[in-house]
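I opened the notebook on a new model today.

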Amino acid sequence: MSRQPDDQENVQGSSVSSCPPLWDIHSINPAQLMARIESYESRDKKSISDVRRTFCLFVTFDLLFVTLLWIIELNVTGGIENMLEKEVLHYDYHSSYFDIFLLAVFRFKILILAYALCRLRHWWAIAFTTAVTSAFLLTKVIISKLLSQGAFGYVLPIISFILAWIETWFLDFKVLPQEAEEENRLLLVQDASERAALIQPGLPSDGQFYSPPESEAGSDEESEEKQDSEKPVV
């Protein structure tokens, strides 16, 4: 008959022992949280993020690659000095590649100024440069005579167009979402630190429990005997 209550007590005891105490569940180290917050803040103040740095490197690569292709085109068609004089001093919109080089310089200056120096967190700058690049290249391909000048008439416009759109994709799908995620993570860490500051002082610790000193054995009986002996005998 007593087996069922014993089983219930065992089940209750096992369930209580399996659940961790309240201060173990909510135990948060405020020092670690503050260190993590300081690391996020120092990272935001002192340097740009890794993904933004990669984007700036790709923008630099865009300029250098277009410049390299333009220099190769100058050497192939008739020498750098003669072709520079022809394409720069005697610029012709229909046959010159100099404007494509200037377009790469334009993208480089706007994007580095906006996303490296000013650390802009919006897409309007990259949208502006990509729109200008796309419109200019489409107009130049349609109106000019580049397609009749050999392989570079195809290569330079296509490469410039592709690089501009890769920069747009990389900023919109990699840089801005990842930085927003890091900012949200910082806010979560700050909220956790505030909760830890509220929870931690109220948690009982081993040193906060007070147990009164044990009384000596027989002290109550001795006190009663003394009171009886002090009573006057009638």
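I started with Tyr154, which I found in helix H8. The model is predicted, and I keep that in mind throughout.

Is Tyr154 buried, partly exposed or exposed? I looked up its relative accessibility, which is 44%. Buried would need under 20% and exposed over 50%, so Tyr154 counts as partly exposed.

Tyr154 belongs to a nonpolar surface patch of about 1100 Å². Which of them gives the most? I found that H8 does, with seven residues.

Then I moved to a helix pair. I took helix H4 (residues 50-77) and helix H5 (residues 80-89). Their axes lie 8 Å apart, and the packing angle is about 110°. Angles of 65 to 115 degrees count as roughly perpendicular, so H4 and H5 fall in that class. I also noted the hand of the H4 and H5 crossing: it is right-handed.

Last, I looked at the whole chain. How many helices and strands does the protein chain have? I counted nine helices and zero strands. From the N terminus on, the order therefore reads α-α-α-α-α-α-α-α-α. The protein chain has 234 residues, and 27% of them count as buried.

Key:
Residues are numbered from 1 along each chain as its sequence is written. This is a predicted model: local features need pLDDT of at least 70, side-chain atom pairs count only at pLDDT 80 or more; totals for chains, interfaces and linings use all residues. Side-chain values use heavy atoms; hydrogens and water are left out. Patches are made of residues with over 30% relative accessible area and no salt bridge: like charges are joined within 9 Å, nonpolar side chains (Val, Leu, Ile, Met, Phe, Trp, Tyr) within 5 Å. Accessible areas come from the Shrake-Rupley method with a 1.4 Å probe; for residues, only the protein chains shown count as cover. A salt bridge is a side-chain nitrogen of Lys or Arg within 4 Å of a carboxyl oxygen of Asp or Glu. Helices (H or I, at least four residues) and strands (E, at least two) are DSSP runs, numbered from the N terminus. Buried means under 20% relative accessible area, exposed over 50%, partly exposed in between (1.4 Å probe, protein chains only). Axes are lines fitted to C-alpha atoms, for helices over the stretch in contact, and angles run from 0 to 180 degrees between N-to-C directions. Angles under 35 degrees count as roughly parallel, over 145 as roughly antiparallel, 65 to 115 as roughly perpendicular and the rest as oblique. A crossing is left-handed if the near helix is turned anticlockwise from the far one by less than a right angle, and right-handed if clockwise.
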